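Work through the exercises below with the coordinates open. Each task is followed by a stepwise solution.

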Amino acid sequence: MCGIAGFFNPSGISSQSNVLTSMAQALAHRGPDHQGLFQDRCCALAYRRLSVIDLAGGNQPVIHEPSGAVLVFNGEIYNYQPLRAELASLGHVFRTHSDSEVLLAAYLQWGDTCLRRLVGMFAFAIWNPREQTLFLARDRMGKKPLFYTLLPDGTLVFASEIKSILHFPGVPRRMNPLAMDRMLDYGFNLAPDTFLQGIHQVLPAHTLLAGRNGQRTAPYWDIPMESPVSTISEDEAAEGLRHHLVEAVRDRLVADVPVASYLSGGIDSSSVTGLYAHLSSAPVHTLSIAFEDAGYDERHFARLVSSSFGTSHHEFLCSIAEGEIEKLVWHLESPLVTLLNLPLYLLSRQIRDMGFKVVLSGDGADEILGGYDYFKLLKLMSFIGRNETVGRANLLRRVFPGISTPQQAWMQYAMLKGYPAAHPALPYRFQAFQFKNQLMSESFVNRLLPIIGERDEELPVVPGSRSLMDQALYLETKMRLPNLTLALADTMSMANSVELRSPFMDHRLVEYVFSLPSHFKMRGLNEKYLLKKSFRTFLPPAISQRRKQPLAPPGKWFVRMFRDMIGDVLSSATVRDKGYFRPEFTDHMLAEFDTDSSMDYSGVIIVAFFVHLFDDLFVSAKTPGGC
């Protein structure tokens with residue numbers, strides 16, 4: 001696990017070792033164990049290493065002496081050992097025991113088709129001096145990030161993080177209004193755009209080839225939505241899911257350093273932890289975070305799982321100093337509409353302090369198996385819409401506990417039905433961001449209006465032959481997973497030099513889940529039905545039948561805790577100067593919060609707060625320094 005960066009111009013680059021070094025040092029948190037640099041006439045590559053596999057011999061860049069090809073690589077190839085054996089039989093000679101050397105040999109042997117053979121998470125760059133090409137690639141699910149920008153003189157600059165790219169001279173810092181607009185609609189921006197205009201992402205499961213004739217991107221994998229749905233029985237499907245998860249966990253234990261596991265007490269992390277414990281001959285170390293003010297406490301459930309599998313369990317309370325708040329935005333490199341980054345940041349810091357570089361998590365299960373309430377809401381709205389009666393609308397009480405009468409349920413249905421639908425299966429179509437129109441300033445709206453049409457084609461193209469739920473899950477894997485869930489997991493773990501591995505994101509497991517009928521994933525309104533069935537005799541009953549609990553700390557707690565800092569960041573003068581929001585409305589929200597109004601503005605306050613912090617760190621900042 002590492003950080004990579006570099007720049008390329010087919011016409012040649014000047015000797016800029018100081019620029020390359022500063023780009024590398026901006027990624028030091030991703031790789032504190034080693035730094036490696038390479039530069040020739042047209043290409044410069046930088047690398048920061050977190051030593052996990054082949055501790056003595058795995059440094060980069062990796063150079064293939066016969067061809068001169070050079071690799072920098074961020075991630076892990078879990079099946080590198082069988083690939084190494086196959087490549088050795090074809091005549092390749094290896095000097096190390098690292099997966100990075102195997103990856104370079106695989107590319108030289110099979111070209112870009114090698115990507116179909118890889119099992120793992122990765123973002124890498126290969127410079128081929130003979131052909132004068134730079135090849136970039138990103139893993140199928142988007143676990144590892146890869147950003148780039150193309151400058152007017154033809155220089156391509158890339159890195160694992162945006163902050164590294166900003167160390168290259170001449171890279172502009174302009175807020176992307178479309179990214180902000182998307183965030184207020186979905187809760188996140190959509191790749192390939194970022195919050196900085198002109199800086200893009202290589203999309204998951206895509207490559208970028210740059211050479212004398214310019215650049216071109218291409219996909220190499222997608223979820224097989226056009227394949228026939230499997231006709232196996234529910235019991236067979238459950239056994240198949242368990243088999244795939246066992247293999248995914250086994251693969252993710254490949255490391256030359258100890259591996260820990262996050263354990264919230266939910267079914268996702270409990271399944272991963274339990275399988276790890278069964279595969280390990282030594283006690284597994286597990287870690288949980290608790291929220292004192294959240295209105296719920298999962299420590300009992302985490303302790304129950306720990307006791308069942310004999311793990312060495314650790315837990316701590318969510319607590320962060322004011323001086324560290326900026327780090328949440330600095331490492332994420334985007335604003336956020338929730339506080340999901342806070343517990344993830346604290347968990348990785350704690351696990352690192354415990355002496356671990358690698359940790360397993362249950363990330364991704366909710367997205368591929370229908371674990372969120374908006375999937376239930378999508379299903380309910382479709383069901384009610386086929387026969388609009390008060391009785392059917394009353395089912396909305398299953399999603400909205402605050403509804404107390406059938407009449408209120410009917411009014412809720414009528415309101416939701418009026419929401420615009422960019423796609424009938426869009427899972428977020430009924431989750432409109434409150435106060436968006438009141439929040440945005442007139443000047444910001446004016447910046448947005450001339451380009452808003454660019455959003456017309458932003459949704460992924462969804463094959464229409466599958467069920468509404470499968471289409472929704474497909475959109476989820478293309479939208480929320482790479483742009484929020486996995487981005488959070490990567491940035492918050494690497495902020496503290498920790499490699500996070502997510503067995504549910506094994507592409508073979510994802511393909512398997514999408515081959516199954518949608519009613520196996522959500523039976524009625526029972527979320528993650530198949531996962532619960534798969535592990536009902538493996539996990540304690542209290543765990544396998546639990547409803548999902550959110551990980552994020554409550555908004556009111558956060559605003560109360562950091563009220564002075566938020567007040568300074570969102571002062572009327574600052575809000576007016578930055579021009580994103582209406583100062584009258586931000587003042588009103590803060591005043592209402594201070595009087596403990598029945599209207600909860602804490603979530604909107606947090607959005608405005610994080611947007612301003614992002615501006616301070618990435619837009620208005622005169623130098624590329626940071627937290």
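**Exercise 1. Find which ring the charged end of R523 sits over.**

Solution. The test: NZ of Lys or CZ of Arg within 6 Å of the ring centre and within 35 degrees of the ring normal. The charged end of R523 sits over the ring of Y529, 4.7 Å from its centre. Next, K163: its charged end lies over the ring of W330, at 4.9 Å from the centre.

The model is predicted: local features need pLDDT of at least 70, side-chain atom pairs count only at pLDDT 80 or more, and totals for chains, interfaces and linings use all residues. Residues are numbered from 1 along each chain as its sequence is written, and side-chain values use heavy atoms, with hydrogens and water left out.

**Exercise 2. Classify the ring pair of Y186 and Y428.**

Solution. Rings of Phe, Tyr and Trp (its six-membered ring) pair if their centres lie within 6.5 Å; planes under 30 degrees apart are stacked, over 60 edge-to-face, the rest tilted. The whole structure has 27 aromatic pairs. For Y186 and Y428, the centres are 6.2 Å apart and the planes at 55°, so the pair is tilted. Now check burial (buried: under 20% relative accessible area; exposed: over 50%; partly exposed in between; 1.4 Å probe, protein chains only). Y186 is buried at 12%, and Y428 is buried at 5%. Finally, ring pairs link Y186, F188, Y372, Y374, F375 and Y428 into a cluster.

**Exercise 3. How many disulfides does the structure hold?**

Solution. Look for cysteine sulfur pairs within 2.5 Å. The count is zero. For C43, the nearest cysteine sulfur, that of C42, is 8.3 Å away. C43 is buried, at 0% relative accessible area.
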